Amino acid sequence: MLNLPPYDVRLGGTKERPTIFDILRRRYVKLTPEEWVRQHFVHFLINEKGYPQTLLANEVKLQMGDKSMRADSVLYDRELHPRLIVEYKAPTIEITQRVFEQISAYNLLLHVDFLIVSNGMQHYCCRMNYEQNTYEFLTEIPNYYQINL
């Protein structure tokens, strides 16, 4: 059980290789504990927080030198500038400093205003302040309107 609202999950595949439908990639993907969190969180952002589905993307490819990385989810503004990155972990994975270091590496390339980390049970969101080179943890996940002020 996750600390996220339920949604109408679409499962597929086989018992040995289960899949879950990803509404952003518009296809079934391998069902892993992390993917279970991702799909619930994306639906939470869309249905509860008003994020436009068309401005969200999963598994965004990033390139840093010769190193390839993938940001779990990215929210873009209407001009397609990245505004928010979400990093997911399986519910059994503890959210540690290392997870924040991982999402911070993505942010070196994307330079977003908000970072979110979730394992489906705990969610952390921080707002970046580039002028003061600091960040502030928020008490809740902002809705889309709050991000695009």
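Is Glu59 buried, exposed or partly exposed? Glu59 counts as partly exposed because its relative accessible area is 21%, where buried means under 20%, exposed over 50% and partly exposed in between, with a 1.4 Å probe and protein chains only.

## Basis of the values

The model is predicted, so local features need pLDDT of at least 70 and side-chain atom pairs count only at pLDDT 80 or more, while totals for chains, interfaces and linings use all residues. Residues are numbered from 1 along each chain as its sequence is written, and side-chain values use heavy atoms, with hydrogens and water left out.

## Salt bridges

A salt bridge is taken as a side-chain nitrogen of Lys or Arg within 4 Å of a carboxyl oxygen of Asp or Glu. The count under this rule is ten salt bridges.

One of them joins Arg70 to Glu59, with 3.9 Å between the closest N and O atoms. This pair links distant parts of the chain: Arg70 is in strand E5 (residues 67-76) and Glu59 in strand E4 (residues 56-64), eleven residues apart. Strands (E, at least two residues) and helices (H or I, at least four) are DSSP runs numbered from the N terminus. Arg70 is partly exposed because its relative accessibility is 40%. Arg70 and Glu59 also belong to a network of salt bridges that links them with Asp22, Arg25, Glu35, Arg38 and Asp72.

## Two further pairs

Lys89 and Glu87 form a salt bridge through their side chains, at 3.3 Å from N to O. Lys89 and Glu87 are both buried.

Arg127 and Glu136 form another, at 3.8 Å from N to O. Arg127 is partly exposed at 36% relative accessibility, and Glu136 is partly exposed at 44%.

## The largest pocket

On a 1 Å grid over the protein atoms alone, a pocket is an open set of points where a 1.4 Å probe fits, with protein on both sides within 12 Å along at least five of seven lines. The largest pocket holds about 210 Å³ of space, the volume being that filled by probe spheres set on the points, which are joined across faces, edges and corners.

Its lining, meaning residues with an atom within 4 Å of a point, has 13 residues, and Ser104, Leu115, Cys126, Met128 and Tyr135 lie nearest the centre. At least two lining residues come from each of helix H2 (97-110), strand E8 (123-129) and strand E9 (134-138). The most come from H2, which gives four.

By type, the lining of the largest pocket has seven nonpolar residues, five polar and one charged. Here Ala, Val, Leu, Ile, Met, Phe, Trp, Tyr, Cys and Pro count as nonpolar, Asp, Glu, Lys and Arg as charged, and the others, Gly among them, as polar.
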